[in-house]
Amino acid sequence: MATDAPPPRGGTDTSPVQPTTESFVEVQGSADFGELRRTYRSFAFPLTVAFIAWYLLYVLLSNYAGGFMGTKLFGNINVALALGLAQFVTTFLIAWFYSRHAAEKLDPKAEAIKSRMEADV
């Protein structure tokens, strides 16, 4: 929807003042930021390693255990299809767990750091 109104004039810059580079470096060295980083890493790294191991197990079983992967579970559904679909389920579960973890643990800490930085400007 187009409008015929002219753009606003004058120096009405309402964008927030940005913290300095020194402020970012100071926050990066703070204990609060270190705790935020530890909280993130303690969740993300183990889950990433576990998922990669689970994925590689599926690939290795597909390549070297054809008889096992071809075992029929019911109807035309075999172990390979069930494990392949489980890969998708696992991906969505990890995304869901991460969103909950971030909302409960990471976001409040990050918001506190952000608020402190904005107050110091």
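This is a predicted model: local features need pLDDT of at least 70, side-chain atom pairs count only at pLDDT 80 or more; totals for chains, interfaces and linings use all residues.
Local features need pLDDT of at least 70, side-chain atom pairs count only at pLDDT 80 or more, and totals for chains, interfaces and linings use all residues. Residues are numbered from 1 along each chain as its sequence is written, and side-chain values use heavy atoms, with hydrogens and water left out.

The protein has four helices and two strands. Along the sequence, these follow the pattern α-α-α-β-β-α. Helices (H or I, at least four residues) and strands (E, at least two) are DSSP runs, numbered from the N terminus. Contact means heavy atoms within 4.5 Å. Of the contacts with a separation of 6 or more, 62% join residues 24 or more positions apart.

The accessible surface comes to about 9500 Å². Carbon and sulfur atoms hold 65% of that surface. Areas come from the Shrake-Rupley method with a 1.4 Å probe; for residues, only the protein chains shown count as cover. Buried means under 20% relative accessible area, exposed over 50%, and partly exposed in between. Of the 121 residues, 16% count as buried.

The largest nonpolar core has six residues: Val27, Leu36, Ala102, Leu106, Ile113 and Met117. Helix α4 (residues 79–120) supplies the largest share of this core, four residues. Such a core is a set of buried Ala, Val, Leu, Ile, Met, Phe, Trp, Tyr and Cys residues joined through side-chain atoms within 4.5 Å. Beyond its neighbours within four places in sequence, Ala102 is in contact with Asp107 and Pro108.

Thr39 lies in helix α2, which spans residues 31–64. Thr39 counts as buried because its relative accessibility is 12%. Leaving aside neighbours within four places in sequence, Thr39 contacts His101, Lys105, Leu106 and Lys109. A polar atom of the Thr39 side chain also lies 2.8 Å from the backbone oxygen of Glu35.

Gln87 is found in helix α4. Its relative accessibility is 8%, so Gln87 counts as buried. Gln87 touches Phe51, Trp54, Tyr55 and Tyr58, not counting residues up to four places away in sequence.

Tyr55 also belongs to a nonpolar surface patch of about 570 Å², together with Ile52, Leu56, Leu60 and Tyr64. Nonpolar side chains (Val, Leu, Ile, Met, Phe, Trp, Tyr) are joined within 5 Å, and like charges within 9 Å. Leu56 lies in helix α2. Leu56 counts as partly exposed because its relative accessibility is 44%.

Terms used:
Patches are made of residues with over 30% relative accessible area and no salt bridge: like charges are joined within 9 Å, nonpolar side chains (Val, Leu, Ile, Met, Phe, Trp, Tyr) within 5 Å. A salt bridge is a side-chain nitrogen of Lys or Arg within 4 Å of a carboxyl oxygen of Asp or Glu. Buried means under 20% relative accessible area, exposed over 50%, partly exposed in between (1.4 Å probe, protein chains only). A polar contact is a pair of N or O atoms within 3.5 Å; within protein, one must be able to donate a hydrogen and the other to accept it, and residues adjacent in sequence count only if both atoms are side-chain atoms.
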